[in-house]
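Subject: Structure for your review

Dear colleague,

Please find the structure below, followed by an account of what was found in it.

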Amino acid sequence: MSFIIAFIWSFVLWLVLTAGTRGMLWSAEELIAGIIFASIVAFSTRNIIGEKTTRFLNPLRWFGFVVYAIGPLFWGMVKANLDVAYRVITGKIKPGIVKVPVDLENDAQYTILSNSITLTPGTLTIDACPEEKALYVHWIHVTEEEPKTSEIVAGSFEKWARRLGK
């Protein structure tokens, strides 16, 4: 099953990346090459991907990711861009690494939250420690060295990561 999932994802990515490269949607050579490369990728990653990835094949979950990307994530990035621009112009920068407590249950949730924080200007997730229930984040302007919740650094991202990574 994991081979099939990896093959489908790899082939779809191949199709997206090669669409319209020769004046038409895809040539026969591109489709054959896509099948070959998707098979190689699927075979080499079949043990890495695992069975749990089937939860990400649910179209409702995709819809949730789209809503998250154009809603909370986009808004968080806009606010962070303005904040970083303000700090660069005024020089009010107090960088540091903070331990951000999180209440997440699995690797998918940690990955979603870590990537969301890293995509936001002015922050960079350095380490995820599930055993400590914490993320270590480099922050451009530290206001609290040991925040009580992730709200200060990540806003509503943790809530969304918990929902999307179930």
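Against which elements do the buried residues of helix 6 pack? They pack against helix 3 (59–90), strand 1, helix 4 and helix 5 (151–154). Here contact means heavy atoms within 4.5 Å, and buried means under 20% relative accessible area, exposed over 50% and partly exposed in between, with a 1.4 Å probe and protein chains only. Helices (H or I, at least four residues) and strands (E, at least two) are DSSP runs, numbered from the N terminus.

Two remarks on the basis of these values follow. This is a predicted model, in which local features need pLDDT of at least 70 and side-chain atom pairs count only at pLDDT 80 or more, while totals for chains, interfaces and linings use all residues. Residues are numbered from 1 along each chain as its sequence is written, and side-chain values use heavy atoms, with hydrogens and water left out.

The buried residues of helix 6 (residues 157–164) are Phe157, Glu158, Trp160, Ala161 and Leu164. They lie on the same side of helix 6, because they cover an arc of only 160 degrees around the axis; the arc is that of the directions from the helix axis to the C-beta atoms. Arg162, also found in helix 6, counts as partly exposed because its relative accessibility is 28%. Leaving aside neighbours within four places in sequence, Arg162 is in contact with Asp103, Leu104 and Gln109.

An open sheet of three strands has the order 1-3-2, with antiparallel pairing; two strands pair if DSSP finds at least two bridges between them. Strand 1 (96–101) and strand 2 (123–129) are the edge strands, each pairing on one side only. On average, neighbouring strands of this sheet are turned by 25 degrees against each other, direction ignored. Axes are lines fitted to C-alpha atoms, for helices over the stretch in contact, and angles run from 0 to 180 degrees between N-to-C directions.

Six bridges join strand 1 and strand 3 (residues 134–139) in the antiparallel sense. Ala134 in strand 3 is the bridge partner of Pro101, and His138 in strand 3 stands opposite Ile97.

In the loop between strand 2 and strand 3 is Lys133, which has a positive phi of about 55 degrees although it is not a glycine. Most residues other than glycine have a negative phi.

The nonpolar core

Helix 4 (residues 107–119) lies across strand 2 and strand 3 and runs at about 160 degrees to strand 2. A nonpolar core is a set of buried Ala, Val, Leu, Ile, Met, Phe, Trp, Tyr and Cys residues joined through side-chain atoms within 4.5 Å. The largest such core has 20 residues, of which Val98, Val102, Leu113, Ile117, Leu135, Val137 and Phe157 touch the most other members. Helix 3, strand 1, helix 4, strand 3, helix 5 and helix 6 each supply at least two residues of this core. Beyond its neighbours within four places in sequence, Leu113 is in contact with Val102, Leu104, Leu135, Ala154, Phe157, Glu158 and Ala161.

Helix 1

Ser10 lies in helix 1 (residues 2–18) and counts as buried because its relative accessibility is 17%. Leaving aside neighbours within four places in sequence, Ser10 is in contact with Ala38 and Val41.

With kind regards
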